[in-house]
Amino acid sequence: MAITAVVLTLRRNLFAVVVLSGLYSFLMATVLVALDAVDVAMTEAAVGAGISTVLLLGALHLCKSEESRSTRSPWLPLALASSVGVLLIYGALGLPDFADPNAPIHQHVVPRYLQNEVDVPNVVTAVLASFRGYDTLGETTVVFTAGAGIIALLRRRKSSTEKNRDGK
Amino acid sequence: MIGELFEHFSYLVTVFLMVTGLYIVIARGNLIKKLVGLSIFQTSVYLLYIAPGKLLGGTAPILAPQYGIYSNPLPHVLILTAIVVGVATLALGLALAVRIREAYGTIEEDEITALDNARQDMERDPDR
C-alpha cells in the first residue's frame, strides 16, 4: 500500500493516478478487514474505491488528464512533510501499544456498548443508530451542504452539453 | 527502541501515509492531484482511528454466543461517518476544480496564479 502511495506521488498521468487511488482504497479496505472493521471496510470499498473513482474520472473527463511538470523545487515541501512525520512518530511513541487490552480506548464506554442494550447483534449498527445518532445527523447536514454547493457551482456553467454530469 | 518501534508499527504506517498525502497536497500544483493527496491523508486518519481498536484474538463486533472478545466498535462508527463526509468534500472539491478549469482553462496552480497576476497588472496599468 505504501508503494502504491509513493508511485501515485510520482506519476504525472492523472488517469493512472486515479486508477492507482482506487487500488489504494481496495488495499486499505483489506487492511481494515484484517483489523476487524468489516463495516468500515465495506464502506471504504464501495465509497472510496467506487464512488470516488467515478467522481474523479468524471472530473478528469472535463479537465486535461496530464499534469504539467512543476517548476518549483520539491525539497521545501519534502523537508516540511518529513519534519511533520518525525514529530508525529515522536508523538506516536507515547501512545499505547498495538492491541493492548488495557488501553483507555477499551475501558471507557465500550464495555457498555458490548452489553447489547438495544438488541441488535451488530454493535456498530447499534452504536451508530442508537448511542451516537447525532453524528449521523451532522453527517447528513454536511452531505446536504456539499450537494447544494455542487449544484450551485455547476449550474452556472455556460455549455449545456456537459450539464448531465452527476455531481453526487 | 526497535521493539518499541515494532509495537507501534501501525502508527508508523499511518504516519508514512499521512506524510505522503501532505507532501502531495503541498508539492503538486495540479488541483486533482491535490485532491487525491487529500484523500490519502484522510485514509491515514481512518487507519489511525481503527488500529488502536483492534484486540488480538478479537473478532468483528457482531455479538454471537461463541465469541467473547470483540474489537472496539466505537472507532468503526466514527470512521463510517468520516468516509461519507470525505467523499462529499471530495465531490465538492472536484466541482470547484471543474469550475476553475472552465474559468481559467487550466487546473495547474502556477498557471492560475500567473493568469491572476497578469490580469492584476492589466487593471493597474491598462495602457501597457
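For the entries below, I take a helix axis to be a line fitted to C-alpha atoms over the stretch in contact, and angles run from 0 to 180 degrees between N-to-C directions. The model I consulted is a predicted one.

**Entry 1: two helices of chain B**

I looked up how helix α3 (residues 31-50) of chain B packs with helix α4 (residues 73-104) of chain B. The angle is about 175°, and the axes lie 10 Å apart. Since angles over 145 degrees count as roughly antiparallel, I noted that α3(B) and α4(B) are therefore roughly antiparallel to each other. I then examined the residues of the contact of α3(B) with α4(B): 15 are nonpolar, 5 are polar and none is charged.

**Entry 2: B:Ile79**

I next turned to B:Ile79, a residue of helix α4 of chain B. Is B:Ile79 buried or exposed? I found a relative accessible area of 3%, so B:Ile79 is buried, the cut-off for that class being under 20%. Setting aside residues up to four places away in sequence, I recorded that B:Ile79 touches B:Tyr46, B:Tyr49 and B:Ile50, as well as A:Val40. I also looked up B:Thr43, which stands 36 residues from B:Ile79 along the chain; the C-alpha atoms of the two are separated by 9.6 Å.

**Entry 3: A:Ser21**

Finally, I consulted chain A, where A:Ser21 belongs to helix α2 (residues 14-34). Which backbone oxygen does the side chain of A:Ser21 reach? I identified the backbone oxygen of A:Val18, at 2.8 Å.

Definitions and conventions: Residues numbered from 1 in each chain as written. Chains lettered and ligands numbered in written order. Predicted model: local features only at pLDDT ≥ 70, side-chain atom pairs only at ≥ 80, totals over all residues. Heavy atoms only, no water. Helix = DSSP H or I, 4+ residues; strand = E, 2+ residues; numbered from the N terminus. Parallel < 35°, antiparallel > 145°, perpendicular 65-115°, else oblique. Nonpolar A, V, L, I, M, F, W, Y, C, P; charged D, E, K, R; others polar. Buried < 20%, exposed > 50% of the residue type's maximum accessible area, 1.4 Å probe, protein only. Contact = heavy atoms within 4.5 Å. Polar contact = N/O pair within 3.5 Å; in protein donor to acceptor, adjacent residues only side chain to side chain.
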